[in-house]
Amino acid sequence: MHQTIKKVGADIEGLKMNTAIAQLMTLVNTLYDNGGATKAEYETVVQLLNPFAPHMTEELWEKLGHSHDEQLAYYPWPQYEEAKCVEAMVEIAVQVNGKVKARLKVAADITSEDAIAAAKAEPAVAEALAGKTIAKEIYVKGRLVNLAVKADNLSVSLALDSSPNRRASGVYIKLCPAAKAFPSQGRWQCEALTERFSKKLSKKG
């Protein structure tokens, strides 16, 4: 409630009517989820809605027990407590090389180390990190964790036969853990390398 009072007031002053109404809708949904509103909460919602629907809210104000002389338009604007506007939990995005892999709820005051650890524990993130080396870890407070990773190198060995045309009898690829974690990618790399070396050796032959 306090967050809504603060945001709606600020949005009206900034002429951001759409976001003010969106915040009111969020508040109403929250009240529904909590089983309804008290009379005081209902009155506050009506007050916040007044600038957008003055005629309807004036009628609702009277039905709430206020006299005809107590026009809502002249009633004091609701006050909020700054301490109650602070989010206890926030949702942050987890990115691997700039791509969002997960979203998770964490405490608003979580440390950088704990946020990064929680991000790595997410199954989708763990899969994206499998077999890769983490180059950099960044936590932007209350917004996101970004992990920059790089794949390990593939080691390639060639086995040549003794025929005159020196064609490759095989290209053996020792796949790194990253390639093992992603078989389709590893297959594509094997095929590409095989084709490349075969063409090169054919020209020499």
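Let me start at the hairpin of β1 and β2, where two residues lie between the strands and N97 takes a positive phi near 55°; strands here are DSSP runs of E with at least two residues, helices are runs of H or I with at least four, and both are numbered from the N terminus. This is a predicted model, in which local features need pLDDT of at least 70 and side-chain atom pairs count only at pLDDT 80 or more, while totals for chains, interfaces and linings use all residues. Residues are numbered from 1 along each chain as its sequence is written, and side-chain values use heavy atoms, with hydrogens and water left out.

Strand β1 (residues 89-96) runs antiparallel to β2 (residues 99-107), joined by eight bridges, and I92 stands opposite L104 in β2. With strand β4 (residues 144-151), β1 runs parallel through four bridges, and there A93 has L144 as its bridge partner.

Taken together, four strands form an open sheet of mixed pairing, in the order β2-β1-β4-β3, with β2 and β3 (132-140) as the edge strands, each pairing on one side only.

Finally, the core: a nonpolar core is a set of buried Ala, Val, Leu, Ile, Met, Phe, Trp, Tyr and Cys residues joined through side-chain atoms within 4.5 Å, where buried means under 20% relative accessible area with a 1.4 Å probe, protein chains only. The largest one has 18 residues, of which I92, V125, Y139 and V145 touch the most other members, and β1 gives the most to this core, with four residues.

Key: Pairing = 2+ DSSP bridges. Buried < 20%, exposed > 50% of the residue type's maximum accessible area, 1.4 Å probe, protein only.
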